[in-house]
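Hi there,

Here is the structure I promised to pass on.

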Amino acid sequence: DEQMLNVQNKNSSYFVEWIPNNIKSSMCNVPNLGFGGNAVFMGNTTAMKLLNTRILDQFSKLYGVKAYLHWYTGEGMDEMEFQEAESNVTDLVAEYTQYEEATVDQEVEGEY
């Protein structure tokens, strides 16, 4: 955690202020065979928009033809849950787009 804080402080100009706690890290004490340790680093950036857009596109194609839907509805899921999930991811992509297109001027104007 201390090292991640140092990275964030050193590169603070690359992090936006309106996304607090934008870095999470974890360390696994049980490494994979042949490795000394495992680590995961995930930053909350607008680059996540591309990943979510790809997932949404693939999901929409599969859901559009009802592929594999019978497996989930057979286990008790409602089809409405899929529509809600698709809507949630669409909203998430829109929010990332908003922050991606934000400029420094817009941020400063909002503070006054």
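**Confidence and conventions**

The chain has an average pLDDT of 81, and 76% of the residues score at least 70; pLDDT is the predictor's confidence in each residue, from 0 to 100. This is a predicted model, in which local features need pLDDT of at least 70 and side-chain atom pairs count only at pLDDT 80 or more, while totals for chains, interfaces and linings use all residues. Residues are numbered from 1 along each chain as its sequence is written, and side-chain values use heavy atoms, with hydrogens and water left out.

Confidence is highest in α3, at a mean of 93, and lowest in helix α5 (residues 104-111), at 55. Where pLDDT is low, the predicted coordinates should not be read in detail. Helices here are DSSP runs (H or I, at least four residues; strands are E, at least two), numbered from the N terminus.

**Aromatic rings**

The whole structure holds four aromatic pairs. Rings of Phe, Tyr and Trp (its six-membered ring) pair if their centres lie within 6.5 Å; planes under 30 degrees apart are stacked, over 60 edge-to-face, and the rest tilted. Tyr63 and Phe82 are stacked, at 6.0 Å centre to centre with 20 degrees between the planes. Tyr63 lies in helix α2 (residues 48-64) and Phe82 in helix α4 (residues 79-101), so this pair ties together parts that are 19 residues apart in sequence. Tyr63 is buried, with a relative accessible area of 10%, and Phe82 is buried at 12%. The terms are: buried under 20% relative accessible area, exposed over 50%, partly exposed in between (1.4 Å probe, protein chains only).

Phe82 also pairs edge-to-face with Tyr72, at 5.7 Å centre to centre and 70 degrees between the planes. Tyr72 belongs to helix α3 and Phe82 to helix α4, so the pair ties together parts 10 residues apart in sequence. Tyr72 itself is partly exposed, at 43% relative accessibility. Ring pairs link Phe59, Tyr63, Tyr72 and Phe82 into a cluster.

**Charges**

Lys66 lies over the face of Tyr63, 4.5 Å from the ring centre; the criterion is NZ of Lys or CZ of Arg within 6 Å of the ring centre and within 35 degrees of the ring normal. Lys66 also forms a salt bridge with Glu79, the closest N and O atoms being 2.7 Å apart. That pair links distant parts of the chain, with Glu79 in helix α4 and Lys66 in the loop between α2 and α3, 13 residues apart.

The search found three salt bridges in the whole structure (a side-chain nitrogen of Lys or Arg within 4 Å of a carboxyl oxygen of Asp or Glu). Another joins Lys49 and Glu100, with the closest N and O atoms 3.1 Å apart; Lys49 is in helix α2 and Glu100 in helix α4, 51 residues apart. Asp57 and Lys61 also meet in a salt bridge, at 3.5 Å from N to O. Because Asp57 and Lys61 are four residues apart in helix α2, about one helical turn separates them.

**Surface**

Leu62, Tyr68, Trp71, Tyr72 and Met77 make a nonpolar surface patch of about 580 Å². Patches are made of residues with over 30% relative accessible area and no salt bridge: like charges are joined within 9 Å, nonpolar side chains (Val, Leu, Ile, Met, Phe, Trp, Tyr) within 5 Å. Accessible areas come from the Shrake-Rupley method with a 1.4 Å probe; for residues, only the protein chains shown count as cover. Trp71 sits in helix α3 (residues 69-74) and is exposed, with a relative accessible area of 58%.

Best wishes
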